[in-house]
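Me: I would like to learn how to read a structural model with care, taking one feature at a time. Could you give me the general idea of each feature and then the case at hand?

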Amino acid sequence: MLIRNEKLEDYRKVEELIRKTFWNLYVPGCSEHYFAHLVRKNPDYIPELDFVLVEHNKIIGHIMYVKAKLVSDDGTIKNILSFGPFTIDPDYQRKGYGRKLLDYSLEAAKTLGYDTVAIYGNPENYICYGFKNCKRYNICLDENVYPVSLLIKTLKNNCLEGKNWKYIESSAHNPDMSGFDKFDSTFECRKKEYNKSQELFYIYSRSNVVR
């Protein structure tokens, strides 16, 4: 097993892996592969934190990070990170590969001076990695809005203590989707279907933790 930075020649293989992994997971079809394609061109993209996991010369995992911010009620600005897509080939899931890749990337993030990571994700997938709901750290989107799916992991003890924060995500998370259909048409044709994980995503992505 090898974890290394993504290279230019990896881009298409990574996008194919992302598409395979996320297809029909959250919605019929998926767009995460196009999101990754665009993120690499965004000024908040951090190439040093873009990693692939390789097993027997095959890319089976990938994670990429962008810059984000927290703004406190007294005006303090804190630079943090967000990641995604975080991808492990479905054939290799539940075997510890995801934890190895995530832990490796978080250690790299710490060496760059970051101490906080915020993501939107399924709590059932991320609490095992030490992520907690944003409400635990007094991080909101707007006043008293604490999404169930907004999850936080601190890389340094007490780094968020004593303040109320608002999460400001990167512009990378609001991509221009106008070129998606043309981009997606260059990939293998796959059938769009409904499955129960999409309902779970619908519930989590529209739910808030209440005071």
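Me: What should I know about the model before I start?

Reply: This is a predicted model, in which local features need pLDDT of at least 70 and side-chain atom pairs count only at pLDDT 80 or more, while totals for chains, interfaces and linings use all residues. Residues are numbered from 1 along each chain as its sequence is written, and side-chain values use heavy atoms, with hydrogens and water left out.

Me: How should I read a helix, and how does the span of α1 compare with what its 12 residues should give?

Reply: Helices (H or I, at least four residues) and strands (E, at least two) are DSSP runs, numbered from the N terminus. The expected span of a helix is 1.5 Å times one less than its number of residues. For the 12 residues of α1 this should come to 16 Å, and the end C-alpha atoms of α1 are 16 Å apart, which agrees. Just after α1, N24 takes a positive phi of about 65°.

Me: At what angle do α1 and α2 pack, and is their crossing left-handed or right-handed?

Reply: Axes are lines fitted to C-alpha atoms, for helices over the stretch in contact, and angles run from 0 to 180 degrees between N-to-C directions. Helix α1 (residues 11–22) packs with helix α2 (residues 32–39) at an angle of about 145°, and their axes are 8 Å apart. A crossing is left-handed if the near helix is turned anticlockwise from the far one by less than a right angle, and right-handed if clockwise; the crossing of α1 and α2 is right-handed.

Me: Which residues of α1 and α2 meet?

Reply: Contact means heavy atoms within 4.5 Å. On the α1 side the residues are E15, I18, R19 and F22, and they meet E32, H33, A36 and H37 in α2. The residues of this contact divide into three nonpolar, two polar and three charged, where Ala, Val, Leu, Ile, Met, Phe, Trp, Tyr, Cys and Pro count as nonpolar, Asp, Glu, Lys and Arg as charged, and the others, Gly among them, as polar.

Me: How do I judge burial, and why is α2 described as largely enclosed?

Reply: Buried means under 20% relative accessible area, exposed over 50%, and partly exposed in between (1.4 Å probe, protein chains only). Six of the eight residues of α2 are buried, so α2 is largely enclosed by the rest of the structure. The buried residues of α2 are E32, H33, Y34, F35, A36 and V39, and what covers them includes α1, β3 (58–72), β4 (77–88) and α5 (180–184). In α1, the buried residues are V14, E15, L17, I18, R19, T21 and F22, and they pack against α2, β2 (51–55), β3, β4 and α5.

Me: Is E15 buried or exposed, and what is E15 in contact with?

Reply: E15, whose place is in helix α1, is buried, with a relative accessible area of 4%. Leaving aside its neighbours within four places in sequence, E15 is in contact with H33, H37, R40, F183 and F187.

Me: What does G61 touch?

Reply: G61 is found in strand β3 and is buried, with a relative accessible area of 0%. Not counting residues up to four places away in sequence, G61 touches L17, F51, V52, L53, T87, I88 and L101. The C-alpha atoms of G61 and V14 are separated by 8.1 Å, although these residues are 47 residues apart along the chain.

Me: How do I read a salt bridge, and how many salt bridges does the structure hold?

Reply: Side chains of opposite charge can pair when their charged atoms come close. A salt bridge is a side-chain nitrogen of Lys or Arg within 4 Å of a carboxyl oxygen of Asp or Glu. The structure holds 13 salt bridges. Among them, D10 and R4 meet at 2.7 Å, N to O, and D89 and K58 meet at 3.9 Å, N to O. D89 counts as buried at 3% relative accessibility, whereas K58 counts as partly exposed at 36%.

Me: Which residues are linked with D89 in a network of salt bridges?

Reply: K20, K58 and D91 are linked with D89 in such a network.
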